Amino acid sequence: MAFFNLLSRVEYACVCGLLNPLTKLYFCRHCMKLRCGFCVCHEVDSNFCSNCLENIPSSETKIRKNRCNTCFNCPSCQHTLSVRASIATVPLAAGDSKESSLAAEDPLKGKCCSTQDGTPAVTNVAPNASPKLVTKKMYYLACLTCRWNSHDIGIPDQTAATGQWPEPEYPNATRFALLLEHYQSVVLHDQQERQELWRRKTPKKSQFPSLTDRTGLTASMMRRQMGWSDGKVQLKTTPTSIKESVASEEVEELSEELFHTEVNLKTVTTLAQRLAQPAKQSASVSQLYPQHKLLSIKRSLRCRQCDHNLIKSEYNPSSIKYRIALFAAYHVPDVRLVSCDPLRPDGSEAALLLRITNPTVNEMTITIMELPTLEEEQLMIQELKALALESSATPSVTAGVLHPTSLSSLSPSFVRQGALMEDSRLIDRAVSGKLKLPDSSFVVNPRDDSAEFDEVVQRHQDEPKFIVWRKANHVIIRLGVQPKPGASSDEDVVVGFSLQYTYFNTVAEKSVAPSPSTAATTLSGPNKEQKGHALNTRIYVNLGKLRSANA
């Protein structure tokens, strides 16, 4: 449990130079590199309500203002409100079906007659007859956390559980609606001007139009794809006029009751409650109304360099499974800090135990090496930038045919904007300790899920001296660590090393673009051919502070 609470003890270096724990990194099988949250492109797949699990299209989400129509949040504690039922006695409404059925059974009750002058007269009607009462099931909103309910602010009960609850009226709602309409017209006007300017500047490919251009077929298809009407003349919109807001120096004076009345903090809203209702921001608790619940999203992550999906979830909101789950913890060896002897400022060597786990189903050969120097790290950054420029300038390939011209010759709206790559940088972490690295490589067994339930006898094998324990796909190694002479007692001692491991990729060879320095081997399997690569990653371990010599 301490490993999950202290994630900053062991950190991995991303390609961009940022340090993150292994649980916050992703692994691209096509680029074969680690990716952090800044090196991936975040895309929204679907919008849904986390309470009623309703899938809502993106077009309808904008209309609903990213909120659910049936679920509400508590205005007091922001938890989800529940619909509770109660029995209430209400008077029978006039013209009810029950009253009409009683009249049909006894036609003498409520019988009408006419007088001599022709005016109707009602007979057999009691002057002091009380209205008939009936029992109905009524529904109200209640919070099961803070015990708030809709009766506290006078919201009437509804006869249906999914009834339309009354919405509060805000003083500036009309002004905001006019501003929204005005800026929508401004955006549409600017968009039409840009399209008109592009149409004038685009040169014609040939002075002789083709048959489809002469008949207007091509123009009609383009208009339908862009959502325009088929008419040849499109009306140019103009921004709607709106009254400008004028600042005024006249401010209403505060009432004297605020200076003399004793303040009851239980009736005053908190800052969180006011920010939850930005349209009104009521100062009194009695004016807090339930707010529609915000929608949640399911997002997918895409590599910015090769444009392949790294994370792809299921479309169903009730499902927690992934279609594609390329988390780094499934492909990169997991290094954990087991223990470390007290570090002394006199420079004495201490024992450091690290646990390495192989998460893959193939054997993994691991080599621990020194960190690259500053010149080597700068050279790596230049190679990564050159590789990114080369991948962005590669022409598109479709059905084995190169297309040097893209969709930019058709319309700027069809051009897909290039993904912004995170610039590589030097790792901002100073190393204040020196490691005594192992003199040889070692092999970590593959992951076997059945080994946790079966009693497997470990075979005796000649292990290197630095391996102190081995079981299944776990290995514990002992390294020597020595603080540097200039290490401060107030700062943590940080050590780092480069971890080289073998990775067998099952992705098709055409989609894999390994770096030139990556060594590759081939492992033929029964179903598909696996290609092995030697990958490197930089790891930094925080060992804590130095202990005084007297401690």
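1. Strands here are DSSP runs of E with at least two residues, numbered from the N terminus, and two strands pair if DSSP finds at least two bridges between them. Ile467 has Ile477 in β24 as its bridge partner. Two residues sit between the strands of this hairpin, where Ala472 takes a positive phi near 55°.

2. A word on the source: this is a predicted model, in which local features need pLDDT of at least 70, side-chain atom pairs count only at pLDDT 80 or more, and totals for chains, interfaces and linings use all residues. Residues are numbered from 1 along each chain as its sequence is written, and side-chain values use heavy atoms, leaving out hydrogens and water.

3. Next, have a look at Asn505, which lies in strand β25 (residues 494-505). Asn505 counts as buried because its relative accessibility is 1%; buried means under 20% relative accessible area (1.4 Å probe, protein chains only). The side chain of Asn505 also reaches the backbone oxygen of Arg29 at 2.7 Å.

4. Ala534 belongs to strand β27 (residues 529-542). With a relative accessible area of 17%, Ala534 is buried. The C-alpha atoms of Ala534 and Thr502 are 4.5 Å apart, although 32 residues separate the two along the chain.

5. Finally, the whole protein: 28% of its 551 residues are buried. Of the contacts (heavy atoms within 4.5 Å) between residues at least 6 apart in sequence, 70% join residues at least 24 apart.

Conventions
Helix = DSSP H or I, 4+ residues; strand = E, 2+ residues; numbered from the N terminus. Buried < 20%, exposed > 50% of the residue type's maximum accessible area, 1.4 Å probe, protein only. Polar contact = N/O pair within 3.5 Å; in protein donor to acceptor, adjacent residues only side chain to side chain.
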